[in-house]
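Dear colleague,

I am passing on the structure below, and after it you will find some notes on what turned up.

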Amino acid sequence: MRADARKNYDHLLAVARDLFAEQGADASLRDIARRAEVGLGTLYRHFPNREALLEALLRSSFADLAARAERLQAADDPGEALRAWLQEMITFTHRHRGILTPMMSAIEDPSSALHASCVTLRTAGAALLARAQAAGVARPDLDGDMLFDLIAALAWLREQPSHAQRAERLFSLITGAVLAV
């Protein structure tokens, strides 16, 4: 990539990160280009759609969460390892307002720029769940798809002002049900 193109790419990512933090994942791409002081065509040359931009922004975070799950595979307590990873996933999705809808859509859409990363996260969670199930500390009737759905549901509740105050209690209830044998 040419130096000026790389500079635009990096600047667009920085501006998008700020705007997404302010407004959520639905922030206007036009506003991102405007704030970055580039044309909309420049934005689309680097990121053909919103998902491509989100994937570029979240790639390292997704990789970090998957690596964290892998490290937790070695934890002494498989139930606590699963609980810790679930909490980190919910915190991540809450910190990145509005990311739930694109993630839940991407998991079912192989053509999505976010698909591979979301599948990696689901697989990482499923491996932690399988380890907890093998140790006899997690429900045997749960799978990685359902676990991913539970993460999304708990993260969604946390984003709702009228439910946010109950989010931690609900997390405890759900993880208690998942980890109850």
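How many salt bridges does a search of the whole structure find? The search finds seven salt bridges, a salt bridge being a side-chain nitrogen of Lys or Arg within 4 Å of a carboxyl oxygen of Asp or Glu. Please bear in mind that this is a predicted model, in which local features need pLDDT of at least 70 and side-chain atom pairs count only at pLDDT 80 or more, while totals for chains, interfaces and linings use all residues. Residues are numbered from 1 along each chain as its sequence is written, and side-chain values use heavy atoms, with hydrogens and water left out.

One of these salt bridges joins the side chains of Glu 22 and Arg 35, at 3.0 Å from N to O. Glu 22 belongs to helix α1 (residues 3-23) and Arg 35 to helix α2 (residues 29-36), so the pair ties together parts that are 13 residues apart in sequence; helices here are DSSP runs (H or I, at least four residues), numbered from the N terminus. Glu 22 is partly exposed, because its relative accessibility is 47%, where partly exposed lies between buried (under 20% relative accessible area) and exposed (over 50%), with a 1.4 Å probe and protein chains only.

Within helix α2, Arg 34 and Asp 31 sit three residues apart, about one turn of the helix, and they form another salt bridge, with their closest N and O atoms 2.9 Å apart. Arg 34 is exposed, with a relative accessible area of 53%, whereas Asp 31 is partly exposed at 29%.

Methods:
Helix = DSSP H or I, 4+ residues; strand = E, 2+ residues; numbered from the N terminus.
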